[in-house]
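Dear colleague,

Please find below the structure that I am handing over to you. My findings follow it.

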Amino acid sequence: MATRHPTNIKSKMLFAILVSGLAALLEMGCSMQPALEPEAPAPEPAKGVLVVSFIDNASRTIAPTISMTPASYEISGTGSNSDTFTTTSLGSSVTIPNLSAGTWTVTTVAKNAQGKSIGLGTGVTTVTGGATVTLDISVKPYTGPGTLDLTIDWTPGAVINPSAIVELINAGNVHIPLTAAIGVNKATVDDQVEAGYYTLSVNLLDGSESVASAVDIVRIVAGETSSGTVSFPDLMVPSGGVDIEVSPSLSDPLTVTIGNVSSSVASGTAITLTASSDANASNVSYSWFLNGSSAGSGAALPLNGSASPLTAGSYRVDVTAMTLDGARAGSATATFTVTAAAPSTYAGPPSESQVGPRVALTSRTGGSLPAGTYEGYRFTTSVSLQNNTGAYVFRDCSFDAGFGVFDGRSGVSRTVLLDHTYVFGGIYFEYGGQTNWTVKWTRIVGDRKAFRPTGLTGQQDTTSPTPCVVEDSIFSITLLGTPSNHVDTLQALGGNGMTFTRVRFTTPGPYEAGVTGQTSAVNVNAGNTLLDSCEFLEKGAFYYTVYSNAANVRFKDCRIIGGLAGYVYPSNPNKAAFENCVDYETGALIQQ
């Protein structure tokens, strides 16, 4: 990924001023005595020597319209006894001898080859005879306001009702709005701004709709004009192509790189972009923008996950980087395309004609049945497997009055298979008894609940495993709710590990306002439950389509009609996550 940063770099200059006294010579073991003038009554006070060294700690290139490369340094000083000195250095150091003892204020001015001052620094030290004093002075560009002269242009006639939102954001995240004057196919900005580093944000609107945007880093230099152009040759929704050239550019800018970028990615395929720079990672703050809108912060930006997939289209991502002290900054840009997700091999639930018995039935009573295989029977009374163990197979059967498993004991083991069976009156079972359920090609109809697994004695139990597999079936209810009775086609009061594949859940409608018990198509309080390729139908029959308050309940490749108040309650991806689920009527991907 190519690195992008403004050209024409300005840098800070650091110069060290080292002060030493003549007395340092005495410390080398010499025994010289000071010379006295014959007519003087007393010796002169010891003098000091000022050694000035110039040390650059960064690039010295600062490039507005004038040269900002230091060519000479003017050093001046004033002592506490009103003594002064002035000298100029073209090299890396200079020595000023015979300074009187006392406090000295030293000023250093950097000048370019044309003799214009481009930086200033001052320091104070005390010179004493017989001692060496070190003074460091940091010479920096001048503070004060500079001018931002910016032009924003676009393809003639492409924007009907143009306006532009332009702002600068400083290192403290303070937003400074700028005024954009609208002209013919362009907008201009001419504002005074304090010197420093800023994030530049440009958003071009047509009426109230954003049609293009850009983010970059600029620096304002005191007394100088930072000029540039933002061009939008092709307006795109959701993104726009942008070329930005700004000068003068940053002093010693950060080199910023965006990693993990692919030119094309399918909608819903998660990607994580990364940002890096040539500065210490712990000292850099990153801000991300997607098509000009804030998208996150930090060194990584996750995008396009199944929970929040990007729609098909072109995208531009910008990242700005700034050191925590605001001394250096930089930015980078990447573009990519999101394509439509590959068509799902969705095979939905069966039709009415595909479920239920396939043979003529023989009537018989139900009651408490022993383990065994039952084929071709119509049970005219309810079937209850209370405290019975063993393997049960019901194939091509019909239940007229419901089917229940009531244990009251834990640790009881049995298996139950329903295959091409019709159950009217619903199924109620207690999973504390470790019943292994397999249901396929079966129609289950209840009054207010069609399929209801519960804990022992009907209590909610979120810890016991629930080995229950339901495939290619239809669950439905026939009655509306009342203020004291919930209506849930599936009501799982706890449990763990159930799977439902290609199951259609239907209820009568429409939803009756004020009937608080009429809750949802499915009420899943069973953790680690998967509903794959299921359908939740009957418009207006639910308040919420899904009620889930357990961990890791997943809805994958489902077709859903939203309830009066929405698709799910509570809206918590950790409790009910939608993966490639769409609205049954519109086909729109459901995002949570």
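I begin with F394, which touches L369, Y374, F379, F399, F403, V416, L417, L418, D419 and T421, leaving aside residues up to four places away in sequence; contact here means heavy atoms within 4.5 Å. Please note that this is a predicted model, in which local features need pLDDT of at least 70 and side-chain atom pairs count only at pLDDT 80 or more, while totals for chains, interfaces and linings use all residues. Residues are numbered from 1 along each chain as its sequence is written, and side-chain values use heavy atoms, with hydrogens and water left out.

F394 also belongs to the largest nonpolar core, which has 50 residues; F394, F403, F500 and F555 have the most contacts inside it. A nonpolar core is a set of buried Ala, Val, Leu, Ile, Met, Phe, Trp, Tyr and Cys residues joined through side-chain atoms within 4.5 Å. Buried means under 20% relative accessible area, exposed over 50%, and partly exposed in between (1.4 Å probe, protein chains only). Strand β39 (residues 468-477) gives the most to this core, namely four residues. Strands (E, at least two residues) are DSSP runs, numbered from the N terminus. A second, separate core has 24 residues, including L150, I152, V166 and A180.

Next comes strand β14 (residues 196-206), where nine of the 11 residues are buried. Strand β10 (residues 162-169) runs antiparallel to β14 and is joined to it by eight bridges; two strands pair if DSSP finds at least two bridges between them. Within this pairing, L168 stands opposite L200 of β14. Strand β15 (residues 209-220) is also antiparallel to β14, with 11 bridges between them, and G196 has I220 in β15 as its bridge partner. Two residues lie between the strands in the hairpin of β14 and β15, where G207 takes a positive phi near 70°.

An open sheet of five strands has mixed pairing and the order β19-β25-β24-β21-β22. Its edge strands, β19 (264-266) and β22 (293-297), each pair on one side only. Strand β21 (residues 284-290) runs antiparallel to β22, and four bridges join them. In this pair, F289 stands opposite S294 of β22.

Finally, why does A371 count as partly exposed? A371 counts as partly exposed because its relative accessibility is 40%. This residue lies in the loop between β26 (362-364) and β27 (372-375). The C-alpha atoms of A371 and G390 are separated by 5.3 Å, although the two residues are 19 residues apart along the chain.

Yours sincerely
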